[in-house]
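I'm opening my notebook on a structure that is new to me. I'll jot down what I look up as I go.

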Amino acid sequence: MKLYRFNGLLLEEGWIQPCFVGVDDAGVVTYLSENPPIDSQDAELVKGLAVPGFQNAHSHAFQYAMAGLAEVHHSQQRDDFWTWREAMYRCALAMDPDEMEAIAAMLYAEMLRNGYTHVAEFHYLHNDKDGRHYANYSEMGQRLIAAAVTAGIKITLIPVFYQKGNFGHEAHLQQRRFICTNLDEYFHLLDDTAGIVSQYAGVNLGFGVHSLRAVDHHNVIATFQGGPANLPFHLHAAEQLKEVEDCTAYLERRPVQWLLENLPVDERFHVVHCTHMNDQEVIGLAASGAHVVLCPGTEGNLGDGIFRLADFNRYGGKWSLGTDSHISLNPLEDLRWLDYGQRLASHNRGTFSDGALALYSKTLASGRSAMGNEIRQFFTVGQPFDAIVYDAQYPLLMRDDFSGWLSSILYTADSSVVLGTLVNGKWVVKQGHHFRREEIARRYQSAIKAIG
């Protein structure tokens, strides 16, 4: 048994301090107590506070190659989501499978450095640069899995159906790498991906459609009905007002309204963004048990708008956290902005009655559900030990009143406070350094140079 001693460890009911955690060779917790086991002289002393690793519920790995590069705005021209999307298309058309794998590995290593231990990869870069299927239908998905294995992060791969250019319009030429022309092609892709996923430990499978605008609405229904009955189902709902307007014009329903009326929306659904909901949609989606996936870094960067989190929470809604285009990779920053967006809109500091714990625990629970993981305990014997560890010597964590530790972490800390990240009981990041940083960075630099 490998034994750790932490200054503190967070459980649902509060902090254990100190805490001894023992893991077996597979990284599964075999011992967890504030009291040391009989044979504890070989414990690794960690002057830090361990909390469950974050779950990144929405990632487009290829977009990491362009993060920060679409920020020159011309005063004579409106710059919004739709102009940004043209730059994203150019990025998608630039990379081959080797470059995709190298970029994803760097991204995943950086996620780990910031405290994410599991990522849901919402994957639609399926085809080659000419829009043809690879001989291995799931070539690009397999490269994403390889990147996750290299970096040491757990991954839920979600190959999604992308068919159209917009409501009632055929796909654009720039979207040719995304397209499955019909349902049979998509299920072929999903089946091939399932076969690859089954070969790896720490890899899960999800499925879904890109969005209502990118798949014929009849096929949205058929995808869910014909897909696996035990997997999480992911899709974008509208993040832009134009999407709401286009959906209303074409389907005579608002996006979330259409979903609630046409699909058996429940806890298997992970609906991304949902930025512009009316009162009926807020109440209906919360009551359905579905999870909303919020990406505040990307939503802010693209000028999407502010999700009605306070209202959604009031009706019992559930949400997770994603980094989407990866303009922000710090989960603490994104959690803060989930709250601060509500404060700015309401002029009220009390978004959540129990503050940091509510924001953290609800995000964690829905994030795990997005991965296909139904474990709700923060840490427990018999489950893998995946944790982010914050430096107990950070000045705002040196207080005797440990009841404020979580709020101090969530509302004040940044990545410099991270001592390290453990996945399956092993350090993958320690003292800010990823265990394969040099190798991953070398391949990443070559890929970035190749795609220009």
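Before anything else, I note what buried means: under 20% relative accessible area, with exposed over 50% and partly exposed in between, using a 1.4 Å probe and protein chains only. My model is a predicted one, where local features need pLDDT of at least 70, side-chain atom pairs count only at pLDDT 80 or more, and totals for chains, interfaces and linings use all residues. Residues are numbered from 1 along each chain as its sequence is written, and side-chain values use heavy atoms, leaving out hydrogens and water.

**Entry: strand 1.** I looked up residues 2-11 and found strand 1 mostly covered, with seven of its 10 residues buried. (Strands are DSSP runs of E, at least two residues; helices are runs of H or I, at least four; numbering starts at the N terminus.) Next I checked its partners; strands pair if DSSP finds at least two bridges between them.

- Strand 3 (residues 19-23) runs antiparallel to strand 1, with five bridges; Tyr4 is partnered with Val21 there.
- Strand 5 (residues 44-52) runs parallel to strand 1, also over five bridges; Gly8 has Leu49 as its bridge partner.
- Strand 2 (residues 14-16) is antiparallel to strand 1 over three bridges; Leu10 goes with Trp15, and a hairpin of two residues links the strands.

**Entry: two helices.** I then looked at helix 2 (residues 97-114) and helix 3 (residues 139-151), which pack at about 40° with axes 8 Å apart. Axes are lines fitted to C-alpha atoms, for helices over the stretch in contact, and angles run from 0 to 180 degrees between N-to-C directions.
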